[in-house]
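Welcome! Try each task before you read its solution.

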Amino acid sequence: MEDMLFYDRMQFAFTITFHYLFPQLTMGLSLMIVYFKGKFLFSKLEKYNDAAKFWMKIFALNFAMGVVTGIPMEFQFGTNWAKFSELTGGIIGQTLAMEGMFSFFLESSFLGLFLFGEKLMGHKLHFLTGFLVFLGSWASGYLIIATHSWMQHPVGYEIIENGRFVLNNFGALFSNPWLLPSYLHNQAASIVTSSFVVAAIGAFYLLNNKHNEFGKLFVKTGVVFGLISSLLVAFPTGDWTAKNVVKHQPATFAAMEGIFETEEGGSEIVLIGQPNMLEKKLDNKIAVPNILSFLTYQEWDAQIKGLNEFDESVHPTNVPGLYYSYHIMVGLGTIFIGLMLIAAVQLFRKKLFKTKWILWSLMFMLPFPYIANTTGWYTAELGRQPWLVYNLLRTADGASPTVSSGNTLFTLLGFIGLYLLLGLLFLMLAGKIINKGPQLNQH
Amino acid sequence: MELFWYIVLMTMLAVYVILDGYDFGAGIIHLFFAKKEKDKKAITNAIGPFWDANEVWLIAAGGVLFFAFPTLYASSFSGFYLPLIMILWLLIFRAIGLELRGQIHNTIWQSIWDKAFGISSLLLALFFGVALGNVVRGVNLGSVVNGVSTHEAHYFFLPLWNPTFSPQAEQLGILDWFTVLLGIVGVVALTIHGANWIIFKTNSDLNEKLKRVVFNLNFVLLALVIISLLVWHIIEPKPFHNFLDTPWLWIFPIITFTGLFGLFKVKSFQKHGMGFLFSSLFLFGGLTSTVASIFPKVLPSTNNVNPDLTLYNVAAHEYGLSVGVYWFAIAVVLVAAYMVIQYRVFKGKMDDVGYGEH
């Protein structure tokens, strides 16, 4: 039973982690492509259209990867988490079915038109199809986070016989206080990824002294979008999200922050340290006093409950994993703001394209927004464990009763092999598109 | 309300089979009949802008199954664990085969992805037929051993095959001679369907040859359908009792045979879309006749201990089903509009779309 649950969890974690590498770029990038195409319509400068077309190629490749790795996600609720699906399907099935009906049809119908229809439709309609693809991908994110929010903070339900969850208020799924902060936080983070990718490719061209005109355009656009989105991720959306956690999942909050003991006179914010689960304390800690209390409650001496005050049965299952995920996310988020701020200042002083070290930094920063997004999701998911539906349904009670661990390990290994191949192909082809670069006035 | 969602679900599945069915069929044609680069191009152009949207019908139908019939979703997806995961892998291979082949101009690269696309299309057609066979045959609900359930009454697990390969053994497998027979029906029917789509959407040199293929395969399909109907009695003693009780249901078999016999005239059709219309009728009729014959069962039980799963004992609660009607009605209007736009922009022949050359 134990190893069965372990493989089920690993398979879901692996497939969702890999999957989300692609949508996080497509959601942000679709916005930036719409921006380039819109700018072309206003300015009539061909380079903006070429930029839109170049990013469309990267987008199409990412989108295809996102689609093929996304279908297993919906299937796995049933294949590996049958009991969870049976008990909660009447509720989370609503939002998941809506995702299919409202966003996947929109995205997929118009993506074909967007990729192949420019000649047939003219620029204005082409812009519109791009906008609809953007709308579809953001609607998809919204409905997924509505589902996620219900699992974190269940609303609008009652529990009937056999432990079955029944929906009794449809509107509550969308007025869930967890939903809006998480959605905005996630979408801003998705724009962070796309901005850093656009800026990194631009920096690559400038440092290579190739496609210089596009290099400048990409760096400039990436830095402007990147600064705004990095700031939005932290404040207000990140702050808002954290306040939800402290209010509704206080034990999770304590574990995230690495606060084991309740401190009188205000809690410190931990910058570095390793959770020691044997002695229930933090080793090698570097911390700044009272900051956490202030950030959380805007009072320097507000009390924050330490993890040791909560009963072990409600502790998050993997405290160190949760703590590290959260700290990596926050640490990277801070670095993003810092780098983008410096780059924006140099851009404003018209020196950015000559400041080599910033260009190098932008280029090498490319993988880090992916890590930050992933660890952000790990924070949310590990923070919810040991629950599938917070405080109501345990993860151990949600797995498929008839699927043995041998079968799950078989499919997990299959997914690992297949996704390794997908990842290699993706990198190879993305590298090829980037190396070739945008084409001037291509028709 | 359950009945409404049942009809919605079956309609969505039928639409999926008709739409993605032509993609699978085009893949099979691509595998066996497209030798020249020009023919291959014609085929990928004919499905390129559509396959992704077609596949959404599967995801959307899965979503509706999840929300309207959560117990059926949970039971069947965990019970058919292995073939479903394999279907996922095949869908991935098919998609990357299509999307990646044009990215690098190299003979080895292209022939690898051609095969990936073709073979996974073939296996998918087979698996979907097998899946239908499994639903008709039923499963050992509750995993009954010696008259005792070893799991909750609506859960089960099927291995890929059992040693006897028989649909009547106590311990069943996904593959047995009955389900494989339906799998072959699926392959033949979708090959015809895919060929008709290519004839409809391209001016390929292949088209004359494909008309002969459709004509000849149609005899095979007719023979397979007759054999399936004969052996049906072995699986289900009274397969036609629903039709005898409710005569208007005969409309579904009539549609099936209209489609089937209509295709024998494939060589003399003036409009290129006619063949596609008839093979769509066959697929629609075949699927609806099958589910009508087991109605209201959605997954029969092969033991006497646990009851069949019917659309009434697997459905979600009343409120959720009712509230779903509102958003679903809005969504259906939108989806219809998207499809109209999509098929109007890409109307007519598709030879010049340039799919896969971006």
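The radius of gyration used here is taken over C-alpha atoms, and the globule rule is 2.2 Å times the number of residues to the power 0.38. Keep in mind that this is a predicted model.

**Exercise 1.** Work out whether the radius of gyration of chain A agrees with that of a compact globule.

Solution. Start with the length: chain A has 443 residues, for which a compact globule would have a radius of gyration near 22 Å. The value for chain A is 23 Å, which agrees. Next, picture the box that its C-alpha atoms fill, roughly 65 × 50 × 40 Å along the principal axes. Inside chain A, 54% of the residues count as buried. Its secondary structure comes to 15 helices and six strands.

**Exercise 2.** Find out which element gives the largest share of the side of chain A that touches chain B.

Solution. First, take the contact as a whole: 55 residues come from chain A and 56 residues from chain B. Then list the elements of chain A that give two or more residues to its side: α3 (46-80), α4 (82-116), α5 (118-121), β2 (165-167) and α15 (405-436). The largest share, 25 residues, comes from α4(A). Finally, sort the residues on this side by kind: 32 are nonpolar, 18 polar and five charged.

**Exercise 3.** Which residues touch the most other members of the largest nonpolar core?

Solution. This core has 252 residues, and W55(A) and I198(B) touch the most other members. The element that gives the most to the core is α4(A), with 19 residues. Now look around W55(A): beyond its neighbours within four places in sequence, W55(A) is in contact with L29(A), M32(A), I33(A) and F36(A).

Definitions and conventions
Residues are numbered from 1 along each chain as its sequence is written. Chains are lettered from A and ligands numbered from 1 in the order in which they are written. This is a predicted model: local features need pLDDT of at least 70, side-chain atom pairs count only at pLDDT 80 or more; totals for chains, interfaces and linings use all residues. Two residues are in contact if their C-beta atoms, placed from the backbone, lie within 7 Å. Helices (H or I, at least four residues) and strands (E, at least two) are DSSP runs, numbered from the N terminus. Ala, Val, Leu, Ile, Met, Phe, Trp, Tyr, Cys and Pro count as nonpolar, Asp, Glu, Lys and Arg as charged, and the others, Gly among them, as polar. A nonpolar core is a set of buried Ala, Val, Leu, Ile, Met, Phe, Trp, Tyr and Cys residues joined through C-beta atoms within 7 Å. A residue is buried if 20 or more other C-beta atoms lie within 10 Å of its own, exposed if 12 or fewer, and partly exposed in between; C-beta atoms are placed from the backbone.
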